[in-house]
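Let's take a walk through this structure together, one piece at a time. Keep the 3D view open as you read.

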Amino acid sequence: MVVEAATRTMTYQQAINEALRIAMREDPTVILMGEDIAGGAMVDHLINDDAWGGPMGVTKGLVQEFGRNRVLDTPITEAGFIGAAVGAATTGLRPVAELMFVDFFGCCMDQIYDQGAKFRYMFGGKARCPVTIRTQIGAGLSAAGQHSGCHYSVFTHMPGIKCVVPSTPADAKGLLLSAIRDDDLVMFFENKVLYGSKGEVPEGDEGIPLGKADIKRAGDDVTIVAISRMVNQALIAAETLAAEGIEAEVIDPRTLSPLDDETILQSVAKTHRLVVVDEDNPRCSAATDIAALVADRGFDTLDAPIKLVTAPHTPVPFSPPLEAFYVPSPERIADVVREIM
Amino acid sequence: MSAATAGAIDLDRETLLSMYERMVQIRTFEDQAGTNFAAGLIPGFVHLYAGEEAVAVGICSQLSDNDYITSTHRGHGHCIAKGVDISGRVAELMGKSTGVCKGKGGSMHIADVEKGMLGANGIVGGGIPLACGAALTAKTLNTGGVAVCFFGDGASNQGTFHEGLNLAAIWNLPVIFVCENNGYAEATPVRYHCSASDIANRAGSYEIPGVVVDGLDVFAVYEAAREAIARARRGDGPTLLEAKTYRFYGHFQGDQVTYRTADELDSYKKRDAIVSLRNALIERDIASEEELSAIDSRVSAALDQSWVDAKAAPFPEPEETLTDVYVSY
């Protein structure tokens with residue numbers, strides 16, 4: 001018998017904070033590292049208090065419980081501290097490092113993909129690198145070209161890295177717990193537009209397994225695989241379509257690496273149609289990867305061409321009307337579904 | 001001061017002979033690797049450490065498995081000095097399944113985390129933040145360990161060098177940054193590529209000790225490292241140690257080394273650290289010529305056997321390509 005845990009309504013941001021607190025309580029080797037994740041280091045009146053608790057307040061309150069030796073403010077030195085997190089993970093700690101915006105990966109990519117992600121392989125299976133790198137993604141706040149990208153496709157491409165893209169508060173909590181407990185290098189992509197979104201979140205310390213998709217809405221007519229915030233856009237589109245008699249099944253892969261191939265293929269086998277919705281850029285992307293998966297292994301089940309609804313092949317623009325054009329909208333998603341019905 | 005006349009001669013006979021043997025192991029390993037690379041037995045790229053033995057041995061002889069090192073593309077010497085199995089290393093160079101990394105790393109990625117060896121590294125400067133992380137582990141878990149970070153003169157121009165030194169300084173990490181300045185970053189002389197006359201001067205920017213040492217004098221290296229390691233273990237933070245050294249081979253095997261003169265190479269070979277140590281041990285009646293020659297012979301014979309074994313060992317099965325990417329997936 002499965003006993004459902006009691007739930008409370010929380011924001012995505014609070015759910016992440018709760019997962020960090022649980023992980024730090026259960027394992028003394030879990031440390032947090034990042035720029036201003038507490039803030040105010042060496043300020044006399046903030047010895048055991050935070051100035052910011054992260055630029056968005058996600059880590060607020062943790063330094064009070066765990067102290068500055070476990071909630072480590074770093075200088076603005078991404079190669080330095082992400083590399084230190086990788087080195088610490090290889091030698092016995094379980095660090096959770098915060099790369100403030102994923103767009104900053106250029107400053108530290110060597111330490112992620114050339115070092116941490118390859119150690120186990122290059123060393124013949126004799127190393128572990130249990131580091132989680134939390135990072136913000138997503139357009140929608142007019143943060144412009146260097147603070148708004150998604151880029152999880154880049155990391156999904158790379159062996160040795162796991163990629164987690166939660167879309168709800170409950171998923172954020174459960175997946176972050178699993179990410180931190182995981183013995184591999186995990187990139188955990190938090191959509192900044194979702195930080196204030198609310199949902200029911202289970203109490204307790206249960207993790208959600210990495211590699212298990214979630215069917216966010218059941219339907220028989222078309223499969224919409226949507227990633228991160230695009231799950232919400234797809235669910236809105238699905239309601240519009242339902243009023244027209246089209247029942248969409250909305251699948252949230254929740255992790256892009258590993259990817260739950262079977263849930264996607266089974267859904268397409270039922271609906272015979274696939275639309276992938278992805279806010280990342282469209283070339284060599286998670287969307288094209290999922291399309292290729294179904295074209296390769298589910299071609300015979302398809303009754304229509306696979307369609308992708310993605311951001312354009314541009315950086316993220318600043319001006320609000322341009323940014324709104326950039327992000328896939330429920331209207332665009334619904335239009336594309338109608339095209340293939 | 002001539003080589004091998006500095007302090008550290010107070011070391012006991014066993015330690016001194018062990019250091020001599022390690023240095024000879026490295027030299028013999030590298031000479032044989034050079035020969036066997038030319039004979040086509042080693043795939044890929046090989047960067048030989050011969051000439052720089054005093055640095056790895058002078059430092060690693062003071063470390064235990066509880067201490068970590070990070071290394072470079074020129075990492076064979078660090079591995080041997082840190083105690084990584086030599087036969088497994090020979091097999092690794094050949095890409096055999098009996099290699100320490102099952103043939104999946106090769107010369108540039110040999111590692112043995114259990115021995116505290118966090119990997120040779122194909123990225124110049126790539127190991128510097130990693131060493132800070134290993135030191136952070138030692139500090140956080142209070143293991144008493146230190147991290148020694150080996151890198152070359154070329155790496156001192158990478159951002160990771162500056163980020164790592166700053167991070168270690170502000171967090172007071174037990175790390176010893178060891179710049180092996182062999183005069184050349186690939187084919188480019190240090191006088192061109194580096195703004196500082198001594199790379200150790202760069203420590204000043206981070207307000208940590210910066211020490212220049214003769215990297216061809218194992219005792220001088222030992223002494224300088226002793227202080228830096230003690231400082232790190234005391235909790236007094238990092239040191240930048242610059243060992244002025246020289247590589248007897250080119251940047252990689254196949255390098256025609258047109259960027260330096262034969263006279264320059266000869267001048268350094270006249271100061272060969274192993275010869276200097278050998279002479280010092282004999283002059284001071286610590287060991288006889290015969291005893292040292294017996295060590296030389298024993299090392300050669302053991303390595304010869306390692307090559308025989310490695311040649312006979314199987315290559316990994318093709319399916320092995322697909323393993324060890326993740327702990328679980």
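Start with helix α11 of chain B, where the buried residues are B:Leu292, B:Val299, B:Leu303 and B:Ala310. Bear in mind as you look that this is a predicted model. How far apart are the end C-alpha atoms of α11(B)? They are 35 Å apart, and since 24 residues (289-312) at 1.5 Å a residue should span 34 Å, the two figures agree. As background, an α-helix has 3.6 residues a turn, so residues three or four places apart point the same way.

Stay in chain B and look for its open sheet of five strands. Reading across, the order is β1-β2-β3-β7-β6, and the pairing is parallel. At the edges you'll find β1 (68-70) and β6 (210-214) of chain B, each with a single partner strand, so one side of each has no neighbour in the sheet. From one strand to the next, the twist averages 20 degrees. Now zoom in on β6(B): five bridges pair this strand with β7(B) (residues 239-244) in the parallel sense. Here B:Asp214 sits opposite B:Lys244 of β7(B).

A helix lies over this part of the sheet. It's α8(B), lying across β3 (175-181), β6 and β7 of chain B and running at about 170 degrees to β7(B).

That brings us to the largest nonpolar core, which has 202 residues. Which of them touch the most other members? The answer is B:Val175 and B:Ile176. Helix α8 (residues 218-234) of chain B turns up again here, giving the most to this core with ten residues. If you click on B:Ile176 and leave out residues up to four places away in sequence, its contacts include B:Ala225, B:Ala228, B:Ile229 and B:Ala232. B:Ile176 also touches B:Val146, B:Val148 and B:Cys149, as well as B:Pro238, B:Thr239 and B:Leu241. In general, nonpolar side chains in soluble globular proteins tend to be buried together.

Next, how do the two chains meet? The contact takes 37 residues from chain B and 36 residues from chain A. On the side of chain B that touches chain A, α5 (127-140) and α6 (159-170) of chain B each supply at least two residues. Of the elements there, α5(B) gives the most, with nine residues.

Along its principal axes, the C-alpha trace of chain A spans about 65 × 50 × 45 Å. Buried residues make up 56% of the 341 residues. Of the contacts in chain A with a separation of 6 or more, 78% are between residues 24 or more positions apart.

Chain A has an open sheet too, this one of seven strands in the order β3-β2-β4-β5-β7-β6-β12, with mixed pairing. The edge strands are β3 (71-73) and β12 (255-257) of chain A, and each pairs on one side only. Look for β7(A) (residues 185-191): seven of its seven residues are buried, so this strand is largely enclosed by the rest of the structure. A:Leu185, A:Met187, A:Phe189 and A:Asn191 point one way, while A:Val186, A:Phe188 and A:Glu190 point the other way. β7(A) pairs in the parallel sense with β5(A) (residues 132-137) over six bridges, and A:Ile137 stands opposite A:Asn191. β7(A) also runs parallel to β6(A) (residues 161-164), joined by four bridges, with A:Cys163 and A:Met187 as bridge partners.

Finish at helix α7 of chain A. Its 14 residues (230-243) should span 20 Å at 1.5 Å a residue, which agrees with the 20 Å between its end C-alpha atoms. Among its buried residues are A:Met230, A:Ala234, A:Ala237, A:Ala238 and A:Leu241. What covers the buried residues of α7(A) includes strands β9 (214-217), β10 (222-226), β11 (248-252) and β13 (274-278), along with helix α11 (330-340), of chain A. Just after α7(A), A:Gly245 takes a positive phi of about 90 degrees.

Definitions and conventions
Residues are numbered from 1 along each chain as its sequence is written. Chains are lettered from A and ligands numbered from 1 in the order in which they are written. This is a predicted model: local features need pLDDT of at least 70, side-chain atom pairs count only at pLDDT 80 or more; totals for chains, interfaces and linings use all residues. The expected span of a helix is 1.5 Å times one less than its number of residues. A residue is buried if 20 or more other C-beta atoms lie within 10 Å of its own, exposed if 12 or fewer, and partly exposed in between; C-beta atoms are placed from the backbone. Two residues are in contact if their C-beta atoms, placed from the backbone, lie within 7 Å. A nonpolar core is a set of buried Ala, Val, Leu, Ile, Met, Phe, Trp, Tyr and Cys residues joined through C-beta atoms within 7 Å. Two strands pair if DSSP finds at least two bridges between them. Axes are lines fitted to C-alpha atoms, for helices over the stretch in contact, and angles run from 0 to 180 degrees between N-to-C directions.
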